[in-house]
Amino acid sequence: MRRLRALWLRVRGMFASGRAEAEFSAELESHLAMNIEDGVRAGLSREEARRQALIRLGGMEQAKIAQRERCGLPVVEALGRDVAYGVRTLRKNPGFAIVSILVIAIGIGANAALFTVVRSVLLRPLPFADPDRLVMMYGHNPDDPDSRNVVAAGDFYEWQKASQGFEQMAIWRWSGYNLSGQKNELPEMVSAAYGSWNLFSMLGVQPVLGRSFDPNDDKAGASRTVILNWGLFKRRFNGDPAIVGKTIRLNSQTYTVVGVLPGWFTYPDPEVQLWTPYRLEENPQNIESHFNHMGHVIARLKPGVSREQATQQVSGVQHQLFLRYNNSGPVVAGVTSQPLVNEVVGEVKKPLYILMGAVGCLLLIACLNLSNLLVARAAARRKEIAIRTALGSSRARLCREQLTESLLICVAGGAVGLVLAVWATRWLTTRWVDMPRAEAVHPDGVVVAFAVGITLLTGILSGLLPALSATGRGVLSALQDASRTIGGSASRASLRKVLLTAEIALTVVLLVCAGLLFKSFVRLRSVDLGCRTDNVLTMKFFLRRPKYAQPEQIVAFHTGLLEKVRALPGVEGAGLTNVVPGDGYYGDTGIRFPEHPPLPPGVHQFAIYRTADPGYFSAMGIPLVRGRVFTEDERGMTNDKHIVINQQFAREYFPNEDSIGKHVFVSWESDPGDAYEVIGIVGDTLYALDQPVKPMIWFPILSGNPVESVDAMLVVHSRGRDVTPLALPIQKLIAQMDPDLPVSRVLTMEQIVGESTANSSFSATLVLAFAGLSLLLAAVGLYGVLSYLVTQRTTEIGIRIALGARRTQLLQLVMLDGLRPAFVGLALGIAGSVGATQLIRSVLYATRPLDAVVYVSVIVTLLLAAAAACLVPAWRATRVNPIQALRAE
Amino acid sequence: MGNKADVWQGTLALMVLKTLETMGSLHGYGIARRIEQTSGDLLSLNYGTLYPALLKLEQEGYITSSWGASENNRRAKYYELTRAGKKQVKKEAADWEQTTAILARFLAPAEEA
């Protein structure tokens with residue numbers, strides 16, 4: 001406490017030293033006078049008494065210095081002087097200062113922004129109670145160590161009964177509802193999820209209004225209840241708390257709102273708008289089933305139980321189920337798990353780390369560049385430093401001064417960078433599609449601390465080397481240099497070349513990685529989906545019960561809609577399906593072949609399941625390979641046992657025979673299921689851009705079978721003209737047919753494809769931007785070093801010209817000087833890239849880490865940039881006027 | 001002055017405080033003279049080092065200073081103990097006594113042997 005008080009007084013003392021000094025002088029004067037008087041009284045002469053008194057005092061000035069040091073804080077004052085000196089030198093050279101500050105600002109800004117995202121998304125624990133004990137459970141196939149399947153509800157309830165290591169287990173699955181308007185509001189299709197009643201309490205989430213589900217809600221036949229997410233509550237119900245206890249209409253049925261979730265709760269996805277109880281909504285067959293895998297299972301570990309242990313035990317339970325049921329349907333053989341946080345951030349982890357690596361490189365390059373510039377500055381001030389050393393400045397003092405200068409640049413850069421970071425973070429989170437927990441991303445104290453930390457680190461790193469090299473041994477030799485010494489600072493120039501080489505090597509690594517990512521993205525973008533993607537419009541809707549309970553009602557709506565849409569001017573073709581190519585996996589179905597020998601028990605075959613009307617394939621441009629597609633005859637439930645398959649299906653399941661006319665058992669409704677006849681084979685389409693072709697099966701959507709026909713996507717093609725103006729008329733058509741039916745995903749095929757490549761395009765573009773920036777920095781560095789060398793060697797060049805050197809020779813001389821570090825850096829960088837690209841291998845699509853085209857273009861780009869940077873100084877060297885050069889200095 | 005001991009590091013503050021405790025209010029020169037006298041002229045005090053020590057004590061709040069007139073009617077800066085200073089004298093004196101007592105135990109048997 002006392003020390004703090006003293007410190008405070010000393011800090012104040014720094015600013016009020018004038019008065020304190022005058023006062024101390026007076027005190028000393030009175031001290032001396034008293035001492036002298038005593039001396040005189042003791043019989044000394046006045047002169048002698050004064051001499052003695054001064055000796056006892058230990059010198060007037062020394063006493064004042066001691067007093068002054070105690071009065072203020074000498075360390076801080078020296079620092080203040082250094083800062084003032086640094087500011088002065090920077091202001092003398094504003095161009096240098098601005099360029100370096102900007103360079104550092106970009107480096108620090110990019111790092112701080114990425115760090116903000118990484119911290120919020122990857123490092124900060126989930127906002128749930130005790131998130132470390134939350135795990136995600138999956139079905140697991142022991143033959144495939146990476147397999148993680150969604151879980152069948154039947155399995156889940158068995159686990160729940162038998163598990164010992166888990167406190168609780170909950171299940172949820174995706175869903176969606178048509179939310180009807182209350183008073184003339186438009187209907188809306190909302191993403192939703194069913195969850196078991198204990199889900200929220202297990203996560204530790206309390207509704208902000210109302211209550212959570214209880215076991216009585218989570219039952220088949222219970223009264224219908226719903227919990228709203230905050231977003232829907234605010235948007236659709238104006239945030240009016242009175243909604244709790246009232247009813248809303250979902251799929252034309254009445255649900256009582258029992259609670260509202262807090263705004264921060266966005267699991268599993270911010271798009272989910274409401275929750276309903278699991279057993280209430282899931283159909284009873286699925287709840288019992290061990291074959292229908294659709295649930296996501298979260299569990300909370302008991303304290304002190306390890307995840308492995310608890311999972312092992314559940315896996316044992318599952319294995320029993322596998323042995324019991326696998327002969328009658330697909331059952332997973334085991335269970336695996338991972339911490340919930342891994343599941344939540346799983347997909348963005350890698351690209352985020354890649355970006356983090358890229359911005360780290362960028363900062364390092366910025367650092368090297370600044371270092372390089374400072375070395376040049378130090379070289380220009382060699383004489384000054386030598387003189388100050390000769391006058392007694394300590395090396396530490398001179399180093400401190402130089403470090404202060406680089407720190408000043410970095411602090412200014414850091415401040416600008418932090419502002420950039422705030423802005424960049426906002427931009428990143430809005431541009432990054434599907435970033436988990438994007439709403440939780442914002443800079444906080446830790447981020448600021450991180451920025452301050454890297455700022456200081458950058459300042460010290462980039463300042464230390466120049467400071468040490470400028471003040472080292474031999475600094476006095478600058479004084480011995482005759483004014484005409486030539487090439488005197490060769491060692492300093494070589495230090496700069498080493499820095500430059502490192503910079504170029506790093507740039508090459510960045511360029512190669514960016515090139516690969518970009519190529520991978522282009523590959524992905526140019527993948528052939530197997531269908532038409534231009535001028536195709538899509539629209540999704542669900543025909544829900546009870547309005548569409550009968551097949552005839554469904555068929556009537558579908559056929560009526562198609563008729564009206566096809567009659568619109570500009571429509572070339574229209575069709576219905578459940579999912580268009582490139583829009584995801586959606587779901588599969590187990591199949592068997594009556595004409596084939598039975599499979600060994602426990603082996604199951606699957607195909608991705610799709611629906612289509614007769615016009616879908618031609619509207620979508622999916623070619624018919626053999627047989628025929630559906631006709632208008634396959635309408636209604638009586639004549640619907642026909643299917644169309646894709647080529648992959650034929651290749652895989654009918655390798656050596658004609659599949660047309662063969663039968664397939666589809667067991668989704670009942671076992672053994674119905675026999676469907678294969679009537680046609682169409683071309684392969686991809687369900688996702690970066691995934692291989694899978695066997696696919698189309699059922700007639702005009703059967704009106706409620707299982708397969710209610711879920712529809714309208715596809716409209718208009719030849720050679722923009723299809724988007726058709727969206728509104730079609731939406732109006734639908735509203736006329738059923739004002740209560742919401743429409744969603746009104747997108748063009750291009751948008752659907754773009755959606756799925758948005759993130760890879762985004763990270764590729766960002767890394768490319770960073771790489772471009774690094775290239776620019778490296779070129780600026782090269783230019784700087786070379787210009788400096790040429791200035792240093794003006795006299796030498798002048799002599800060479802005077803002695804008859806030709807200009808081309810000089811050009812060669814200087815160019816080679818500059819290109820040598822570029823070549824060495826290039827070689828090192830290529831070697832480094834071979835290693836670095838292995839790390840990004842897993843995010844590359846159809847691009848090898850050693851792609852020759854990328855490497856060659858990087859080499860060419862870098863050499864061009866290097867040559868351009870060298871050309872100006874080299875040209876300047878050839879313009880040296882020998883007379884002036886020799887007269888210089 | 002060759003045989004006189006220098007003031008040990010850290011003890012000067014206690015001497016100053018103790019002097020002020022006995023003398024009440026006193027100026028710098030007076031404190032210096034008094035310390036020398038109390039030590040029986042065995043201590044040699046560099047007067048120049050006294051003032052930073054006084055300043056430190058003042059910054060720490062153990063003493064205060066004010067300008068006044070000396071016995072010869074000369075303007076001088078007088079120092080005196082604050083309440084905290086009075087406490088501090090007791091504490092430091094006790095500490096010091098304990099230290100010397102401990103040291104004495106080490107030294108005593110050596111003399112006996």
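Begin by selecting chain B and colouring its strands: you will find an open sheet of 3 strands in the order S2-S5-S4, with antiparallel pairing. Keep in mind as you go that this is a predicted model.

Now pick out the two edges of the sheet, strand S2 (26–27) and strand S4 (63–69) of chain B. Each has a single partner strand, so one side of each is left without a neighbour in the sheet.

Next, show S4(B) together with S5(B). These two strands run antiparallel and are paired over 7 bridges.

Time to bring in the partner. Select the contact between the chains, to which chain B brings 19 residues and chain A brings 22 residues. On the chain B side, highlight helix H2 (28–38), helix H3 (47–59) and strand S5 (75–81), the elements that give two or more residues to the side touching chain A. Which element of chain B gives the most to that side? It is H3(B), with 8 residues. Colour this side of chain B by residue type and you will see 6 nonpolar, 8 polar and 5 charged residues.

Finally, zoom out to chain A, where the secondary structure comes to 28 helices and 22 strands. Of its 889 residues, 43% count as buried. Among contacts in chain A between residues at least 6 apart in sequence, 83% link residues at least 24 apart.

Conventions. Residues numbered from 1 in each chain as written. Chains lettered and ligands numbered in written order. Predicted model: local features only at pLDDT ≥ 70, side-chain atom pairs only at ≥ 80, totals over all residues. Contact = placed C-beta atoms within 7 Å. Helix = DSSP H or I, 4+ residues; strand = E, 2+ residues; numbered from the N terminus. Nonpolar A, V, L, I, M, F, W, Y, C, P; charged D, E, K, R; others polar. Buried ≥ 20, exposed ≤ 12 C-beta atoms within 10 Å, placed from the backbone. Pairing = 2+ DSSP bridges.
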